[in-house]
Amino acid sequence: MRQHIDTIPVWDAFKQDCECPLCELRATNEDNYVHSFTGGSVMEPDVRVEVNMKGFCARHFNLMMVGDRRLGVALMAHTYLKQTMARLGEASQAVQDVPAKAKKSLFGSKKPVAGVDLSDITDSCILCDRLNATMERYIYTTVHLWKKDSSFRSQFKNSKGFCLKHYARLLNAAPEQLNGQELKQFNDMLNDVEMTNLKRVADEIEWFTLKFDHKNADKPWGNSRDALPRTVLKLRGKE
Ligand SMILES: [Zn+2]
Ligand SMILES: [Zn+2]
């Protein structure tokens, strides 16, 4: 797969002293997208069509509707609502057309039954789509830089690791560009960095809990004062 390679933002993120450089990149890009949809500049016609078709998820509607941006968001919400209402008839017809047998098994079985997927209506978000596509590019670029640039490789090695989600994405994305000994080297380095830093965070959150014991009240916090949000970030990524 050919990918657009934009190495500078990846380098910048890895230079930050943070628990997951890919979460930092995601947050920066999310912020940019939120502003681009509400920034007052005229939206390209094809983007407008896509907004009317997909709308936004709750998180992104909520991030956009602050202060003086509310009118713009309300106009998009109105158009999207009208368009969605027009599509509901089609969706309910599709549900009606599902064979009776499939519907019957809804009762008496707790297993999910193949029905009609309505997630295009209930869960679509143009901003999530853009952001996910951008992050796939940055994941690709991270592996690409690791392969091509030895100074990036040592930056990677000395980083504080990743949240579990981005660790898993890197693990799964690596075979797209690496194989054999090189792939093994990447996996070993990624696992080393991740385990070393998960252990560090585990020690930090443990000391955070021990500080609640009055016997430890006068002992120094070390790096543990903000260990709880950093542990959550490692486990689930940055909101
Ligand atoms: Zn992350
Ligand atoms: Zn979204």
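Predicted model: local features only at pLDDT ≥ 70, side-chain atom pairs only at ≥ 80, totals over all residues.

Modeller: Residues are numbered from 1 along each chain as its sequence is written, chains are lettered from A and ligands numbered from 1 in the order written, and side-chain values use heavy atoms, without hydrogens and water.

Biologist: What arrangement do the 4 donor atoms around the zinc ion (ligand 1) make?

Modeller: Donors are N, O and S atoms within 2.8 Å of the metal (3.2 Å for Na, K and Ca), and here they are C20 (SG), C23 (SG), C163 (SG) and H166 (ND1), lying 2.1 to 2.3 Å from the zinc ion. Four donors count as tetrahedral if all angles lie between 85 and 135 degrees. The angles at this zinc ion are 100 to 117°, so the arrangement is tetrahedral.

Biologist: How many residues apart in sequence are the parts that C23 and H166 tie together?

Modeller: Along the chain the zinc donors follow the spacing C-x2-C-x139-C-x2-H. Helices are DSSP runs (H or I, at least four residues) numbered from the N terminus. C23 lies in helix 2 and H166 in helix 10, so the pair ties together parts whose separation in sequence is 143 residues.

Biologist: Are C23 and H166 buried or exposed?

Modeller: Buried means under 20% relative accessible area and exposed over 50%, with a 1.4 Å probe and protein chains only. By that rule, both C23 and H166 are buried.

Biologist: Which helix gives the most to the lining of the largest cavity?

Modeller: On a 1 Å grid over the protein atoms alone, a cavity is a set of points where a 1.4 Å probe fits but cannot get out, and lining residues have an atom within 4 Å of a point. The largest cavity holds about 40 Å³ of space, and C23, R26, A27, E30, R59, K238 and E239 line it. With 4 residues, the greatest contribution comes from helix 2.

Biologist: Where does the second largest pocket lie?

Modeller: A pocket is an open set of grid points with protein on both sides within 12 Å along at least five of seven lines. Of the 15 residues lining the second largest pocket, the closest to its centre are R26, N132, K165, H166 and K238. Domain bounds come from an automatic or database assignment; both domains give residues to this lining, so the pocket lies between domain 1 (21-104 + 116-132) and domain 2 (149-239).

Terms used. Tetrahedral: all angles 85-135°; square planar, octahedral: opposite > 155°, others 65-115°. Helix = DSSP H or I, 4+ residues; strand = E, 2+ residues; numbered from the N terminus. Points joined across faces, edges and corners; volume = space filled by probe spheres on them.
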